[in-house]
Amino acid sequence: MSTPKVTVIDYGVGNLLSVRRGLEHCGAVVTLTADPEQILSAPRVLLPGVGAFSIAMQELHRLGLVAVIRELAHRQTPLLGICLGMQLLLEKSSEFGITAGLGLIPGCVIPVATRTLAGKQQRVPHIGWNALLPSDPSGNWSGTLLQDIQPGEAVYFVHSFMAVPADPAHRIAECVYGGHLVSAVIGRDHIAGCQFHPEKSGEVGLKVLRRFITQ
Amino acid sequence: MGMDMFNTLERRNRAQAKDRMTRLIARLDIKGPNLIKGIHLEGLRVIGSPNEHALRYYQQGVDELIYMDCVASLYGRNHLGDIVRSAAENIFVPMTVGGGIRSVEDAMQILRSGADKVAVNTAAIANPQLITEISRRFGSQCMVLSIEAKQIGAEQWEAYTDNGRERTGIDVIEWVKRGVSMGAGEVLITSVDREGTRKGFDIALVKAVAQEVSVPVIASGGMGKPEDLIDVVREGAADAVAMADILHYNRATIGEIRRFAEAAGLEVRHYEYA
């Protein structure tokens, strides 16, 4: 098998060193770029992101990448969004007013609840390790990015907003924070997103990246 | 996902006493290129290569790493960039780096080297506005307020700087409240009295800090045995525990400590390791 290649979209949002190192550790050749041609010709594309939704979308528009990413979906190129990059896959976010997203997965992005289900105040951002649970009662992750993960294995989250897909079929994994379900992994066709940071989630996270680069 | 599954998950979570996993953190104090360990942050002894130890702790399933350059504030510089850059090649858990960070630019350098958070003590005392600046620029989750505390009376602690060398006359509880209100997203509270002594954490100190702030509190200094971890979480309300001596001198592995915590009923990340 030839060395897997990943193109990471470098649009000036967040630190890409760790995600690059994680992918390289898994055996991928990594290209960081904002060039539409390079992105369109990539065998698989990773959309990272840290920070504010509206600023990220603004940057993607400015670099002419919104249409490029939608074209990737059209071509069925595997696309993985991480953290904010996952949230951008949805239709809209209510972070500082309503901002339109990429619209590749129906649904919206809303704040993480500041109260637990029991009504107690809880810490936001949601930071730390949390267990992955299957969204589907059958608990079957085969054929998804989590194929090599056991339910209950924990991964590392840092976020204040969360994705809420409109169609339950697009939910792959959840975590529970303060009694509320938080979408941890979502997917539709060749598009996937994870709210947690696979590049900071130890060997469990690396299994997710390995699965992605062999897709 | 069906409503049944949703209800099951919600019920399961409601049943949990604590809905956040206690993080097990390895703390690596660094002097120049070496991992060192002292007692009361003094009398530093060379342990070995920081990243050989860091990699071992990572392989044992540590949740996070803290690198602290313990002489950086003395000389106003930080040696950790290279160490962290090399750690980021094969360590994939969050890393906090502190020691000698004096400006937003210093913080940016260290984050670019692969750190996820910066810990600031001395420079924040000298210029509290730095807490706000770092937090605004990189997010509050990046800004860890590091406090070195020495007990000066009943339920009273003074903040020290320069790795426990310099007094400030500042009350720890007042300072932690101010630091968090200025944007610190996490607090690393080190008991200088307990540090390196293996006598257990200063539970009163950790509790006093934890009940004043809404952000996570990392207890540091004094872990002699796995039981100490249980006490500081149960009685001190620590969200995370930083360990050094117990790991560096091979008195326990992260895996052993994790299994002990699980058996004691503490919620920690479940991790099966080779």
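Ala118(A) counts as exposed, because 11 C-beta neighbours lie inside 10 Å and the limit for exposure is 12 or fewer. The model is a predicted one. Ala118(A) sits in the loop between strand E7 (105-111) and strand E8 (126-131) of chain A. Its C-alpha lies 33 Å from that of Val208(A), a residue 90 places away in sequence.

Helix H1 (residues 17-25) of chain A has buried residues: Ser18(A), Val19(A), Arg20(A), Arg21(A), Gly22(A) and Leu23(A). Just after H1(A), Gly27(A) adopts a positive phi of about 100 degrees.

The contact between the chains draws 34 residues from chain A and 31 residues from chain B. On the chain A side, H1, E8, strand E10 (154-159), strand E12 (171-177) and H6 each supply at least two residues. H1(A) gives the largest share, five residues. By class, this side of chain A holds 15 nonpolar, 12 polar and seven charged residues.

Nonpolar side chains tend to be buried together in soluble globular proteins. Here the largest nonpolar core has 162 residues. Leu65(B), Val118(B) and Val187(B) have the most contacts inside it. Helix H9 (residues 203-210) of chain B provides the largest share of this core, six residues. Beyond its neighbours within four places in sequence, Val187(B) is in contact with Leu145(B), Ile147(B), Val176(B), Val180(B), Val209(B), Val213(B), Val215(B), Val217(B) and Ile218(B).

Conventions: Residues numbered from 1 in each chain as written. Chains lettered and ligands numbered in written order. Predicted model: local features only at pLDDT ≥ 70, side-chain atom pairs only at ≥ 80, totals over all residues. Helix = DSSP H or I, 4+ residues; strand = E, 2+ residues; numbered from the N terminus. Buried ≥ 20, exposed ≤ 12 C-beta atoms within 10 Å, placed from the backbone. Core = buried A, V, L, I, M, F, W, Y, C linked by C-beta atoms within 7 Å. Contact = placed C-beta atoms within 7 Å. Nonpolar A, V, L, I, M, F, W, Y, C, P; charged D, E, K, R; others polar.
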